[in-house]
Amino acid sequence: MTTFRSGNGAAWLDLLSTREGRYREAVRHADRISAPDTLLAWLAANDLEPTSAVTPDDVELFGAVREALHRAAVSALHHEPASAEDIRILSGALGADRGVRIERAAAGLSLARPDTAREALGRLTRAAVEDLAGPRSEQLHACGDDTCAGIFFDPTGRRRWCTDQSCGNRLRVRAHRNRTRQSS
């Protein structure tokens, strides 16, 4: 079973975490969504499982939109405009968003599952654009580990890492080793 990083404050930010090693030259880039079955697993884990099959074309499209979202988020972090190409890619993904549909559930209402992976991507893209273009963009932060490409929301302004379990531990171990080396 594939496990995915989560806890970045929004599903679209968790999608960005499915590509690891963006800033690590010595490490090969790892794409956790490289086939239809892994994309389906990620969508299911984020309550976006479509009613139809996921295809290799969907995987390719998710990868392209994920990278455009990452570049747009980095631009927002630096208070710079997104590139025209990224806006074109994101606008294309928004075209599949059919809006929120609800259905009856045992405990009231629930969101209807998207019909296709592209519709799920449209929902994610809409949420991302709303976050990046709205006041929530001020809560966007980059991971304090300069080898990590993680981006997350932090309304408190106190969080330093995208995840304490990996990046936080890695930086604390690195700091401990540096202190130990210096005191020897």
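A charge is taken to sit over a ring if NZ of Lys or CZ of Arg is within 6 Å of the ring centre and within 35 degrees of the ring normal. By this criterion, Arg-136 lies over the face of Phe-153, at 3.8 Å from the ring centre.

The structure is a predicted model, in which local features need pLDDT of at least 70 and side-chain atom pairs count only at pLDDT 80 or more, while totals for chains, interfaces and linings use all residues. Residues are numbered from 1 along each chain as its sequence is written, and side-chain values use heavy atoms, with hydrogens and water left out.

## Overall architecture

The protein has 6 helices and 6 strands; helices (H or I, at least four residues) and strands (E, at least two) are DSSP runs, numbered from the N terminus. Along the sequence, these elements follow the pattern α-β-β-α-α-α-β-β-α-β-β-α. Of the 184 residues in the protein, 39% are buried. Here buried means under 20% relative accessible area, exposed over 50%, and partly exposed in between (1.4 Å probe, protein chains only). The protein exposes about 10,500 Å², of which carbon and sulfur atoms supply 52%; accessible areas come from the Shrake-Rupley method with a 1.4 Å probe, and for residues only the protein chains shown count as cover. Among contacts (heavy atoms within 4.5 Å) with a separation of 6 or more, residues 24 or more positions apart account for 53%.

## Aromatic pair and hairpin

The structure holds 1 aromatic pair. Rings of Phe, Tyr and Trp (its six-membered ring) pair if their centres lie within 6.5 Å; planes under 30 degrees apart count as stacked, over 60 as edge-to-face and the rest as tilted. The partners are Trp-12 and Phe-153, arranged edge-to-face at 6.2 Å centre to centre, with 75 degrees between the planes. Because Trp-12 lies in helix α1 and Phe-153 in strand β6 (residues 151-153), the pair ties together parts that are 141 residues apart in sequence. Both Trp-12 and Phe-153 are buried.

Strands β3 (residues 102-105) and β4 (residues 108-111) pair in the antiparallel sense over 4 bridges; two strands pair if DSSP finds at least two bridges between them. The two strands form a hairpin with 2 residues between them, and Ala-105 has Gly-108 in β4 as its bridge partner.

In helix α2 (residues 36-45), the buried residues include Thr-38, Leu-39, Trp-42 and Leu-43. Seen down the axis of α2, its buried residues fall within an arc of 140 degrees, so they line one face of the helix; the arc is that of the directions from the helix axis to the C-beta atoms. Asp-37 and Ala-45 are exposed on the other side of α2. The cover over the buried residues of α2 includes α1 (11-16), α3 (56-77) and α5 (117-133).

Helix α4 (residues 84-94) has Asp-86, Ile-89, Leu-90 and Ala-93 buried. These residues cover an arc of only 95 degrees around the axis, which puts them on the same side of α4. On the other side of α4, Ala-84, Arg-88 and Gly-92 are exposed. The buried residues of α4 pack against α3 and α5. As background, an α-helix has 3.6 residues a turn, so residues three or four places apart point the same way.

## Individual residues

| Residue | Relative accessibility | Class |
|---|---|---|
| Ser-75 | 13% | buried |
| Arg-118 | 39% | partly exposed |
| His-79 | 64% | exposed |
| Asp-47 | 70% | exposed |

Arg-118 is found in helix α5. Leaving aside neighbours within four places in sequence, Arg-118 is in contact with Asp-57, Asp-58, Leu-61 and Ala-96. Arg-118 and Leu-94 are 24 residues apart in sequence and 9.2 Å apart in space, C-alpha to C-alpha. Ser-75 belongs to helix α3 and touches Glu-80, Pro-81 and Ala-82, not counting residues up to four places away in sequence.

Most residues other than glycine have a negative phi. Asp-47, which follows α2, has a positive phi near 55 degrees and is found in the loop between α2 and α3. For His-79, phi is likewise positive, near 55 degrees, and the residue is placed in the loop between α3 and α4.
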